[in-house]
Amino acid sequence: MTTGLNKAYLIGTIGHEPELRTTAQGLPIAKVSLSTPHARKVDDAWIDTPDWHRLTLFNREAEHVARYAHKGDTLAVECAIRPQKWADKDGITHYEVALVVDRVLWLSGPRGRGSDG
């Protein structure tokens with residue numbers, strides 16, 4: 001048996017309204033872009049530039065985030081890291097690291113809007 005940990009923990013701000021879709025089997029899937037702060041030094045000054053993370057949520061978490069989360073809300077998420085590989089219509093192979101959300105902690109957003117989230 002091998003030992004390991006395949007998790008990412010992020011705290012950041014939602015960059016756009018969540019996108020919800022449903023698979024042919026009826027499975028809800030939401031996509032969210034999350035911005036996390038990143039400071040880098042340019043000459044003698046520190047510049048804040050965001051790092052962007054594309055998150056995927058399934059089932060109840062997908063429905064909940066799609067219903068209650070909005071651009072500008074702050075979330076903490078626990079994600080599984082899932083490497084993906086696919087070929088496009090021209091046969092070119094593409095690689096991506098997907099962040100599949102296991103848990104969401106609301107740091108701002110739904111409760112501040114008076115919802116039941």
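Visitor: How do β1 and β3 pair?
Guide: They pair in the antiparallel sense, over two bridges. Strands here are DSSP runs of E with at least two residues, helices are runs of H or I with at least four, and both are numbered from the N terminus. Two strands pair if DSSP finds at least two bridges between them.

Visitor: Which residue in β3 is the bridge partner of Ile14?
Guide: That's Leu34.

Visitor: Before we go on, where does the model come from?
Guide: It's a predicted model, where local features need pLDDT of at least 70 and side-chain atom pairs count only at pLDDT 80 or more, while totals for chains, interfaces and linings use all residues. Residues are numbered from 1 along each chain as its sequence is written, and side-chain values use heavy atoms, leaving out hydrogens and water.

Visitor: What pLDDT does the protein average?
Guide: The average is 90, and 92% of the residues score at least 70. pLDDT is the predictor's confidence in each residue, from 0 to 100. Over residues 112-117 the pLDDT is below 50, and that stretch has 10 contacts in the model beyond near neighbours in sequence. A contact means heavy atoms within 4.5 Å.

Visitor: How many helices and strands are there?
Guide: One helix and six strands. Along the sequence, the pattern reads β-β-β-β-α-β-β.

Visitor: Back to β1, then. How many bridges join it to β5?
Guide: Seven, and those two strands run antiparallel. β1 covers residues 7-14, and Lys7 stands opposite Ala80 in β5.

Visitor: What about β5 and β6, how many bridges there?
Guide: 13 bridges join β5 (residues 74-87) to β6, and they run antiparallel. Ala87 stands opposite Thr93 in β6. The hairpin of β5 and β6 has five residues between the strands, and Gly91 takes a positive phi near 85° there.

Visitor: Which way do β4 and β6 run, parallel or antiparallel?
Guide: Parallel, with two bridges joining them. Leu55 has Leu99 in β6 as its bridge partner.

Visitor: Let's switch to charges. How many salt bridges does the count come to?
Guide: Four. A salt bridge means a side-chain nitrogen of Lys or Arg within 4 Å of a carboxyl oxygen of Asp or Glu. Side chains of opposite charge can pair when their charged atoms come close.

Visitor: What does Lys7 form a salt bridge with?
Guide: One partner is Glu78, with the closest N and O atoms 3.2 Å apart. That pair links distant parts of the chain, Lys7 in strand β1 and Glu78 in strand β5, 71 residues apart. Asp102 also forms a salt bridge with Lys7, and there the closest N and O atoms are 2.4 Å apart. Asp102 sits in strand β6, 95 residues from Lys7. Lys7, Glu78, Asp102 and Arg103 are linked in a network of salt bridges.

Visitor: Is Glu78 buried or exposed?
Guide: Buried, because its relative accessible area is 12%. Buried means under 20%, exposed over 50%, and partly exposed in between, using a 1.4 Å probe and protein chains only. Lys7 counts as partly exposed at 29%, and Asp102 is partly exposed at 35%.

Visitor: And which residue does Arg54 form a salt bridge with?
Guide: Glu19, with the closest N and O atoms 3.2 Å apart. Arg54 is in strand β4 and Glu19 in strand β2, 35 residues apart.

Visitor: Now the helix. Which residues of α1 are buried?
Guide: Ala62, His64, Val65 and Tyr68. What covers them includes β2, β3, β4 and β6.

Visitor: And Ser35, where is that found?
Guide: Ser35 is in strand β3, residues 28-42. Ser35 is buried, because its relative accessible area is 15%. Leaving out residues up to four places away in sequence, Ser35 touches Ile11, Gly12, Thr13, Pro50, Asp51 and Trp52.

Visitor: Last one: how much of the whole protein is buried?
Guide: Of its 117 residues, 34% count as buried.
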